Amino acid sequence: MLQFSGLTLPLSSTRADAFAAACKKAGLKKDQVADWGITRLSVDARHQHPRLVYGVGIVLAEGLREEDYVARGGVIRREATLEIRPGSLPASGRPVVCGLGPAGLFAALLLARHGARPLVLERGPSLEKRAAAVDAFFAGGTLDENANIQFGEGGAGTFSDGKLTTRIGDPLCDYVRRTLLEHGAPEEIAWQAKPHIGTDRLRGVILSLRQEIERLGGEVRFETCLTGLVQREGRLVGVETSAGPVAADTLVLAIGHSARDTFAMLRDAGLTLQAKPFSVGFRAEHLQSEIDRALYHEAAGHPALPPGEYQLASHPGGRGVYTFCMCPGGRVVAAASERGGVCTNGMSYHARDGANANAAVVAEVKPEEFGKDPMQAVAFQRRLERAAFDLTGSYAAPAQDLESFLAGRAGLRIGRVQPTYPCGIVPAEFSAIFPEKITRALQEGLRAFGRKLPGYCAPDTLLTGPETRTSSPVRIPRGADCQSGELAGLYPCGEGAGYAGGIVSAAVDGLRVARSILESRRYR
């Protein structure tokens, strides 16, 4: 694909105008183009009259060479292929994959596509049952500790914005994107520089991926939790589950960042767990129209422009504070997975047409603050969640308006920004939940964000929290072959093992682990 960027056009321009501009720049006739799409759209507001700036991707008709158009400003983007060199060691049985989030899902899919017939264990239920449990909890029902925002088919990413942006730059990202398209993801993700699916569209994609795994001979056992490892002479020979033992010499451990009980089981089984950095904070909600105005200026509201997105960072006192998982036109959701704790997250549908924008505003927490003990880091997360529950007396979330938080006083003034958290909010002081050093860092970080993005520190900006599950506080060490150096046959994988952050990077890590298994064993 050829990509042409920096196509500056009037506010009145259309997608077709952008395509015409790209063709003119390339010296192409329209019948020389097999396909095209908008890769990027932004606003140049530096001058008195804002203008739209397009990026366009073009697939040339058969017989034309992309290299001939580089001198005209085209950048070639070639999709990488995934090659597997089959291993020579005969497999003694099918591999087991623990977890059906993005990492486990893509690991199982690649294994199934190469004849391995994986067995997938998922502690939560199927997607339909999981969605029903989440809806019931949001409506005031009982929290199901195995069927919630964190656990169940699709993992934590199922109830999110469905962002496909990542910074890892791995060629396997192309495989992930192609696969998602094959299974019903919106066609525009093939072109967009910042693609997203949305939680509503993502659910159908996840179901379709699981069905392919099953068609290829894989098996998925829902409501089956990993409870132990069976070891013999430094090698995995089986796993214990809530439904009974399973013989296995290969286990992909894709448990997700919230499997705290499994972390404890692994430690008790003698495996080394390392502490890694993570972050905590809250969700900040603004009117989406105000974010659009801050980013697009007079062009805000233009029908061609997507809902505005931002990413902000600061380092007050050497502690990183940044925005994470920004959800344009989205809502804040109840992400608890343990009884007696409150935890928030953000979610958007594909249309991103809600009144509010929200993003996590979080401060970095370093391993040294817990003596590099990962279980102490987990305990810290849990203390914050339980402190929030104790403040509200329920799964309602503590909330504070930004002006009161910055002033260091109690208060919750609901203004233009109406709360979206489904279980209700209760006025509270976040200084009663977070340690003083975290509170100070968040305050200074917000002030810095206000200097960078006009209107970000509007007094009625709504803060809802705590946000504690930005990433796993635990890393499970592995070697260059993705295998544990302490237990042969164990493959730590994805966010829960500390090797990914987000849907695409987790899926890529699942592919990476599955490829390593396939290149060491022969399944057909």
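How do the residues of the lining of the largest cavity divide into nonpolar, polar and charged?

Modeller: They divide into nine nonpolar, four polar and no charged. Nonpolar here covers Ala, Val, Leu, Ile, Met, Phe, Trp, Tyr, Cys and Pro; charged covers Asp, Glu, Lys and Arg; the others, Gly among them, count as polar.

First, the basis. This is a predicted model, in which local features need pLDDT of at least 70 and side-chain atom pairs count only at pLDDT 80 or more, while totals for chains, interfaces and linings use all residues. Residues are numbered from 1 along each chain as its sequence is written, and side-chain values use heavy atoms, with hydrogens and water left out.

Rolling a probe the size of a water molecule over the atoms shows where empty space is left. The search runs on a 1 Å grid over the protein atoms alone: a cavity is a set of points where a 1.4 Å probe fits but cannot get out, a pocket is an open set with protein on both sides within 12 Å along at least five of seven lines, and lining residues have an atom within 4 Å of a point. Points are joined across faces, edges and corners, and a volume is the space filled by probe spheres set on them.

Searching the whole structure gives two cavities of 30 Å³ or more. The largest has a volume of about 90 Å³. Its lining holds 13 residues, with P102, L105, L202, I206 and I503 nearest the centre. Two elements give two or more residues each to this lining: α2 (102–113) and α5 (199–215). Helices (H or I, at least four residues) and strands (E, at least two) are DSSP runs numbered from the N terminus. The largest share, four residues, comes from α5.

Now the second largest cavity. Its volume is about 40 Å³. The lining consists of A133, V134, F137, F138, L143, A147, N148, I149 and A334. Helix α3 (residues 127–138) supplies the largest share, four residues. By class, this lining has eight nonpolar residues, one polar and no charged.

At least two residues each come from β1 (2–9), β2 (33–44), β3 (51–60) and α4 (172–182). With five residues, α4 gives the most. Here the classes are 14 nonpolar, eight polar and six charged. The lining of the largest cavity, again, has no charged residues.
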